[in-house]
Amino acid sequence: MNALLVICGLGFVSLLAEIANFKKLLTALVVLALVAAIVLGILDWGTPRAYYHDMVVFDNFSLAFTALLCTITLAWYVMARSYFEHQSHQSDRSALMIFALAGGIIMVSFNNMAMLFLGIEILSISLYVLAGSNKSSLFSNEAAFKYFLMGSFATGFLLMGIALVYGATGSFDITKIYVFVHDHGDTMPRFFHAGLVMILIGLTFKISAVPFHFWAPDVYEGSPTPVTAFMSTMVKTAALGAFVKVFQTCFTPVQPAFLIIVQAIIVLTLVVANVTAVYQVSVKRILAYSSIGHVGYILLALMASDGSALGVLFYYMVAYSAASIAAFTVLQAVELSSGSTGVDSFNGLYYKNPFLAVVMTIAMLSLAGIPPLAGFFGKYLVFAKALEHHYVVLVILGVVTSLIGIYYYFKVIVAMYKKETSGTTPTQYSRVLLVVLTLVILALGLFPDRVIGLLIP
Amino acid sequence: MLLFILLWPLLASLVLFAFKPKQAWVIAFIATAVELVASLVLVIGFDKNASATAAIDLPWITSLGVNFALGVDGISLLLVLLTTVLVPFIVLSAAKHSYTPSFYGLVLMMQMALIGVFTAMDGFLFYLFWEIALIPIYFICLIWGGEDRGRITLKFFIYTLAGSLFMLVALIYLYFQTPGAHSFAIQALYEAGRALPPGEQSLVFWGLFIAFAIKMPVFPFHTWQPDTYSVAPSQGTMLLSGIMLKMGLYGVIRWLIPVVPAGVQEWGLTAVILSVIGILYGSCIAIVQKDFKRLIAYSSIAHVGLISAGIFTLSSIGMQGALIQMLSHGILVFGLFYGIDIIETRVKTRNLAGLGGIRNVAPTFSAVFTIIMLGTVALPFTSGFVGEFLLINSVFQYRAILGVVAGLTIILGAVYMLRSFQQAMLGETNTTTAGFADLTGHEKLVLFPIVILVVAIGIYPDPLLSISESAVSNLLLIVQDFSASAK
C-alpha cells in the first residue's frame with residue numbers, strides 16, 4: 001500500500017515540475033521514488049493487509065507484482081531516458097508513465113471489481129496519450145487513435161460483464177463473489193455466464209491474446225519505441241496479474257464454464273502469433289508478435305487452477321520482462337542510429353558494436369527459450385505444469401510453436417552476424433542497464449529456485 | 001578434480017575475452033593443455049570398476065528435483081579423454097587463421113558443455129549441457145562459416161533443437177513416473193523407465209532415440225549434416241564430427257539402453273537396420289562427391305552408422321568396438337579435416353577435380369595423409385581396424401546378413417578414400433598445385449602426434465579397452481537382468 005501511495009504522490013509531484021520549475025531534478029526524483037516504492041513493497045512482505053473496506057488487498061502476490069512492476073518501470077525509465085530528456089513535455093510524460101504504473105499496481109492488488117475497473121482505466125488512459133506522444137508522426141497518431149477506440153470498446157465489455165456478475169451475485173467484492181459462486185455453483189442464472197465471458201473478453205483484450213489482439217501490432221509499431229517497450233513489459237505484466245486474480249480466485253468454482261474458451265484462446269494465440277511473426281520484416285513488429293505469443297505460454301500455465309501456477313507466472317514475467325527490455329534497449333539504439341527498425345538495420349551489428357550484438361543475442365536466445373537462460377526455465381515450468389495436469393496436446397502445440405519462434409528470433413541474430421554492414425554505429429544506450437539485465441537473465445537461468453519458490457505457499 | 005575439469009574451460013573462456021588475438025590463441029592452447037593434464041590425472045586415479053554413480057552431488061534446483069550431479073565410469077572417461085585430447089589439437093590447428101578471442105572462447109565453452117554431457121549423472125543436467133553444447137558451435141559456424149551460412153546453420157540449429165525437445169518431453173515424462181518427490185537423478189530415471197510397461201517404453205525410446213539419431217546423425221535424420229559440415233570453418237567441422245557426434249552415441253549408451261531396455265529390445269533391430277542403411281547410403285554418396293570436405297562428411301555418416309549398429313546389438317564386443325571406434329574416428333576425422341584445411345588454405349579449393357600431384361611437391365604431407373587415410377579404411381595396425389573389426393563382428397553375430405552389408409563399409413570406404421587420394425595426391429601437378437608447400441613445423445607439430453596415436457591405438461588398444469570393460473559389462477548386465485526378470 002505504501003508503495004502505491006508513493007507512486008501516486010510522485011505522479012502529482014511530477015505534474016507540478018513544469019510549473020514549479022524543478023524539471024532538472026525530476027529524473028533523480030523519479031528514480032528515488034521508484035526505488036523507495038520497491039523497498040516499501042519488500043518491507044511489507046509476508047504481512048497481508050486489506051485497505052479501504054477491502055477495496056484493495058496487499059498479499060504476497062500483490063506485493064511481489066508491485067515490486068516487479070516498479071522494477072520494470074525503473075529499468076524502463078533508464079532505457080527511455082532519451083525519450084524524456086531530449087524532447088518536450090518531459091514532466092507530462094513522466095506523470096503519465098507514473099499514473100500508468102499506479103493503475104498497474106491497483107490491477108494486481110484489487111479486491112473489488114470496481115477497483116479493477118478503475119485500475120484498468122487509469123492505466124489505459126495514460127497509455128492512450130503516451131501512444132500518441134510523438135505528435136508529429138502520423139503512425140503515432142494512428143496508434144493512439146486505434147488503441148483508444150479498441151480499448152474503450154473492450155472496457156465496455158468488461159464493465160457490462162462486471163454489471164452482469166453483480167446482478168447475479170449481488171457483490172463487487174471478489175471474495176464475496178467467490179463464496180456466492182461456490183455455494184450456488186449449479187444454479188447460477190444464464191446472464192452470470194454471459195457476464196463471465198464478457199469479463200474474459202475485456203481482459204483478453206488487455207493482455208492482447210488472439211483473437212482480441214488486432215490492435216496490438218499496429219499500436220506497438222506506431223508508438224514511440226520506448227512506449228512500445230513499456231506496453232509490452234509493464235502493462236502486460238499488470239494485465240496478466242489482473243487476469244490471474246480474476247480467474248484464479250473468484251471464478252474458480254465455475255472453471256469448466258470458461259476453460260474451453262481459454263483453451264481455444266491459447267491455441268489461437270500460440271499459432272497465430274508465432275506464425276504471423278515469421279513473416280515480419282520489422283524487429284519492432286517481431287517483438288510485438290512475440291509478446292502476444294508469450295501470453296499464450298503464460299495462459300498455458302494458468303490452466304492449473306490450484307494456485308501453484310502463480311510462482312510460474314511470476315518467474316515467467318520476470319524472465320520475459322528482463323529479456324524484452326534488453327531487446328528494446330538495443331532496438332532503440334539501432335533505431336536512433338539508423339532511423340529504421342527493420343531487420344536489415346541490424347545487419348553486421350556484431351562487427352560495429354559487439355557489446356550490443358551479444359546482449360541482443362542473449363535476449364533473443366532467452367525469449368526463444370534456449371537453455372540455460374531464464375526464458376528456457378520459464379517455458380520449461382509452463383510445460384511441466386501443463387503436463388502435470390495432462391494437457392498433453394497443448395504442450396505439444398507449445399513445443400512446435402517454440403520451434404517456429406526460434407526461426408524469427410534467429411532472423412535477428414543471423415542479421416547481426418552478417419558480414420555486410422550498413423549505417424552508423426549505435427551509441428545511445430545505457431551500458432549499465434544492459435549489463436544488469438544480461439546478468440539477471442543469466443542468474444535467473446542458473447539459479448531459478450529462489451524466484452520460483454517465492455509465491456509457492 | 002572432476003569439477004575442475006568441467007569448470008576450467010569455462011573460466012578460461014571468460015578470461016580469454018580480455019586478450020588480443022595473438023595472445024588469445026596461446027592462452028587457449030595453454031588452457032586446453034592444462035585441461036588435458038587434468039584429465040590424464042583423472043585417468044591415472046581411475047578405479048576401473050567404478051560404476052556410473054555421482055561423485056559430486058549438490059542440490060541445485062530442489063523444487064524441480066534437479067541435482068548438480070557429476071560422475072565418471074569407464075565409458076564417460078573415454079569420451080572425456082577424447083574431448084580433452086582433441087580440443088588442444090583443434091586450437092593448435094586454428095593458429096594460422098588468426099581468429100578473434102571470441103572464437104577460442106566459444107571453443108572452450110563448447111569443451112565445457114561436452115564434458116558436462118559426458119559426465120552428467122542427472123537427466124536434467126544432461127539435457128542442459130546437451131543444449132548448451134549447441135550454442136557455441138552454432139555461433140562458430142555462423143560467424144566464421146562459408147557461403148550461405150545463415151540459412152544452413154539455422155537449419156542445423158532448428159533440426160537438432162527439435163530433436164532435443166523430443167528428448168526433453170521424454171525426460172519430463174520419466175520424471176513424473178519417479179516415485180515420491182520427483183527426481184531427475186540417473187538411478188531414479190533408470191528405475192522409473194524400467195518399471196514402465198513395454199508399450200510406454202517404446203514411446204520413450206522414440207523420444208530419446210530421435211534426439212540422439214539427429215545428433216549422430218543416423219539415416220534418415222542426417223539431412224542437416226553434409227551442408228553444415230561443409231559450411232562450417234574447419235575447426236567447427238572438427239568439433240562437430242570429432243566430438244559432438246559422439247554425444248548422440250554416448251546418449252544411446254548412457255540414457256537410452258539402461259533407461260528403456262524393453263523399448264530397445266523392441267526397436268533395436270529397426271535401429272540397427274537404419275544404421276546399416278546409413279552405412280550404405282553414406283558410402284555410396286561419398287563415392288560420387290567432388291568436394292573433398294563433403295566427401296568426408298558423407299563418410300562420417302557411414303562410420304557413425306556402423307558404430308550405432310554395433311551399440312544396438314547389445315553385445316560386449318559391439319559396445320567395446322563402438323567405444324574404441326568413437327575415439328579412433330574422432331582422431332582420424334580431425335586429421336582428415338585438418339589435411340583438407342591445409343589444402344584449402346594453400347590452393348583455395350577443395351574440389352578434387354582441380355587437385356592432383358600434391359605428393360610430388362609435398363611428400364611429407366602426402367605420407368602423413370596416407371597413414372590417416374589408411375586408418376579411415378581400417379587397415380590392420382591402425383586404430384580404425386580394431387574398432388571396425390569388433391563392430392562388424394558384433395553385427396555379424398547379431399544378424400549375419402546385416403553383418404555382410406555392414407562389412408561393405410570397408411570395401412566402399414576403400415573405394416572413396418583411395419579414389420580421392422588418387423585424385424588429390426597422385427598424378428601430375430597442375431597449375432593450382434604446383435606451388436603447394438610441404439608441411440611447416442607448426443603443422444608437423446599437430447599432425448605427427450595424431451599419426452602416432454593412430455598407429456599406437458592400432459597396435460596396442462588394450463589400455464583403452466580395459467578402461468571401459470567393466471562399465472560395459474555392468475551396462476549389459478542391466479539389460480540381461482531386465483530381460484531375465486521379464487521372462
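What follows is a friendly set of questions and answers about this predicted model.

Student: What is the secondary structure of chain B made of, in helices and strands?
Tutor: Keep in mind that this is a predicted model. Counting along chain B gives 20 helices and 2 strands.

Student: How does the radius of gyration of chain B compare with what the globule rule gives for 487 residues?
Tutor: For 487 residues, the globule rule gives 23 Å. The radius of gyration of chain B is close to that, so chain B is as compact as a globular protein of that length. Its value is 22 Å.

Student: What does the C-alpha trace of chain B span along its principal axes?
Tutor: The spans are taken along the principal axes of the trace. They come to about 70 × 55 × 45 Å.

Student: What percentage of the residues in chain B is buried?
Tutor: A residue counts as buried if 20 or more other C-beta atoms lie within 10 Å of its own. Chain B has 487 residues, and the buried part makes up 60%.

Student: Helix H6 of chain B runs over residues 134-144; how many of its residues are buried?
Tutor: The buried residues of H6(B) include Leu134(B), Tyr138(B), Cys141(B) and Trp144(B). The helix is mostly covered, and its buried count is 11 of 11.

Student: Which helix of chain A is among those that cover the buried residues of H6(B)?
Tutor: Part of the cover comes from chain B, including helix H4 (101-119), helix H5 (123-132) and helix H7 (149-177). Helix H10 (225-231) and H11 of chain B are also among the covering elements. From chain A, the cover includes helix H18 (392-416).

Student: Which helix gives the most to the side of chain B that touches chain A?
Tutor: In this interface, 19 residues of chain B are in contact with 18 residues of chain A. H5, H6 and H7 of chain B each supply at least two residues of that side. By class, the side has 15 nonpolar, 3 polar and 1 charged residues. The helix that gives the most, with 10 residues, is H7(B).

Student: Are H11(B) and H13(B) roughly parallel or roughly antiparallel?
Tutor: The axes of helix H11 (residues 234-256) and helix H13 (residues 292-312) of chain B come within 11 Å and cross at roughly 20 degrees. Angles under 35 degrees count as roughly parallel. That makes this pair roughly parallel.

Student: How do the residues of the contact of H11(B) with H13(B) divide by class?
Tutor: Among the residues that make the contact are Leu245(B) and Leu249(B) of H11(B), with Val304(B) and Ile307(B) of H13(B). The division is 7 nonpolar, 3 polar and no charged.

Student: Is Ser300(B) buried or exposed?
Tutor: Ser300(B) is found in helix H13 of chain B. Not counting residues up to four places away in sequence, Ser300(B) touches Ser241(B) and Val333(B). With 27 C-beta neighbours inside 10 Å, Ser300(B) counts as buried.

Student: Are H17(B) and H18(B) roughly parallel or roughly antiparallel?
Tutor: The axes of helix H17 (residues 383-398) and helix H18 (residues 400-425) of chain B come within 6 Å and cross at roughly 155 degrees. Angles over 145 degrees count as roughly antiparallel. That makes H17(B) and H18(B) roughly antiparallel.

Student: Is Ala181(B) buried or exposed?
Tutor: Ala181(B) lies in the loop between H7 and helix H8 (186-195) of chain B. With 8 other C-beta atoms within 10 Å, Ala181(B) is exposed.

Student: What is the phi of Ala378(B)?
Tutor: Most residues other than glycine have a negative phi. Ala378(B) sits in the loop between helix H16 (363-376) and H17 of chain B, and Ala378(B) is buried, with 26 other C-beta atoms within 10 Å. Although Ala378(B) is not a glycine, its phi is positive, about 65 degrees.

Student: Is the peptide bond that joins Phe219(B) and Pro220(B) cis or trans?
Tutor: Most peptide bonds are trans. Pro220(B) has its place in the loop between helix H9 (198-215) and H10 of chain B. With omega about 0 degrees, the bond that joins Phe219(B) and Pro220(B) is cis.

Note on methods: Residues are numbered from 1 along each chain as its sequence is written. Chains are lettered from A and ligands numbered from 1 in the order in which they are written. This is a predicted model: local features need pLDDT of at least 70, side-chain atom pairs count only at pLDDT 80 or more; totals for chains, interfaces and linings use all residues. Helices (H or I, at least four residues) and strands (E, at least two) are DSSP runs, numbered from the N terminus. The radius of gyration is taken over C-alpha atoms; the globule rule is 2.2 Å times the number of residues to the power 0.38. A residue is buried if 20 or more other C-beta atoms lie within 10 Å of its own, exposed if 12 or fewer, and partly exposed in between; C-beta atoms are placed from the backbone. Axes are lines fitted to C-alpha atoms, for helices over the stretch in contact, and angles run from 0 to 180 degrees between N-to-C directions. Angles under 35 degrees count as roughly parallel, over 145 as roughly antiparallel, 65 to 115 as roughly perpendicular and the rest as oblique. Two residues are in contact if their C-beta atoms, placed from the backbone, lie within 7 Å. Ala, Val, Leu, Ile, Met, Phe, Trp, Tyr, Cys and Pro count as nonpolar, Asp, Glu, Lys and Arg as charged, and the others, Gly among them, as polar.
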